[in-house]
Amino acid sequence: MLICDYSVSLDQYNNRVEEHLRFIGFYHVSQIGVVQCQKVLVNGLIERWHPDTHTFHLPIGECAVTFEDVAIILGLPTDSFLVTGMTMSSFETLEAECLHQFGVAPRKSDCKGSCIKLTWLQDLKENLQLTDESSIQRYVKCHIILLIETILSGDKSGASVH
């Protein structure tokens, strides 16, 4: 039996940031809830998944799910600037980036190696006072990272993000 387990609860956003989510194209993604599992469909896909090629082997041929597929299904804009960055290799680098992006740095206990625990982002998001544009932008960043890591690309990283 396939079970989805989220260590960070999937919550809604503060209504004051909806305009920002619409502007950057993440509003529809933020409306995604927990999808009820269609056991027969999921089992059928699992049986046809080949981990060595990361593709589904269907009667009509191989099928790979691409980021373009995800963008089209979710309506994410892909016609703007790339979002790239380095993977933080040290706590000091991670700390400096968090200070720059969120105005506050995590403690070492809020990290797992060179990753930030999602619970730290969740707590930061919940405790931000939306009093000015800077705090709203920080809130939106936290919300989007949590969306990406819990819904769009959740994995077995131990509920943490680079």
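**Close-up views of a predicted model**

View 1. The model shown here, as in all views below, is predicted. A disulfide would need two cysteine sulfur atoms within 2.5 Å, and the count comes to 0 disulfides. Cys142 is likewise in no disulfide: its nearest cysteine sulfur, again in Cys98, is 9.1 Å away. Cys111 has a relative accessibility of 9% and therefore counts as buried. Cys142, at 0%, also counts as buried.

**View 2. The open sheet.** Three strands are arranged in the order β1-β2-β3, with antiparallel pairing. Between β1 and β2 the antiparallel pairing runs over 2 bridges. Opposite Trp49 stands Phe56 of β2.

View 3. Thr55 belongs to strand β2, which covers residues 55-58. Is Thr55 buried or exposed? Its relative accessibility is 6%, so Thr55 counts as buried. The side chains of Thr55 and Thr53 make a polar contact at 2.6 Å. Leaving aside residues up to four places away in sequence, Thr55 touches Arg48, Trp49, His50, Glu62, Cys63 and Ala64.

**View 4. Aromatic pair of Trp49 and Phe56.** The whole structure contains 2 aromatic pairs. In the pair of Trp49 and Phe56, the ring centres are 4.8 Å apart and the planes meet at 65°, so the arrangement is edge-to-face. Planes over 60 degrees apart count as edge-to-face. Trp49 is partly exposed, with 34% relative accessibility, whereas Phe56 is buried at 16%.

**View 5. Aromatic pair of Phe102 and Trp120.** Phe102 and Trp120 form an edge-to-face aromatic pair, with 6.0 Å from centre to centre and 75° between the planes. Which parts of the chain does the pair link? Phe102 is in helix α5 (residues 91-102) and Trp120 in helix α6 (residues 118-127); these are distant parts of the chain, and the two residues are 18 residues apart. Phe102 and Trp120 are both buried.

**View 6. A charge over a ring.** Arg22 has its charged end over the ring of Tyr27. The distance from this charged end to the ring centre of Tyr27 is 3.7 Å.

Note on methods. Residues are numbered from 1 along each chain as its sequence is written. This is a predicted model: local features need pLDDT of at least 70, side-chain atom pairs count only at pLDDT 80 or more; totals for chains, interfaces and linings use all residues. Side-chain values use heavy atoms; hydrogens and water are left out. Buried means under 20% relative accessible area, exposed over 50%, partly exposed in between (1.4 Å probe, protein chains only). Helices (H or I, at least four residues) and strands (E, at least two) are DSSP runs, numbered from the N terminus. A polar contact is a pair of N or O atoms within 3.5 Å; within protein, one must be able to donate a hydrogen and the other to accept it, and residues adjacent in sequence count only if both atoms are side-chain atoms. Contact means heavy atoms within 4.5 Å. Two strands pair if DSSP finds at least two bridges between them. Rings of Phe, Tyr and Trp (its six-membered ring) pair if their centres lie within 6.5 Å; planes under 30 degrees apart count as stacked, over 60 as edge-to-face and the rest as tilted. A charge sits over a ring if NZ of Lys or CZ of Arg is within 6 Å of the ring centre and within 35 degrees of the ring normal.
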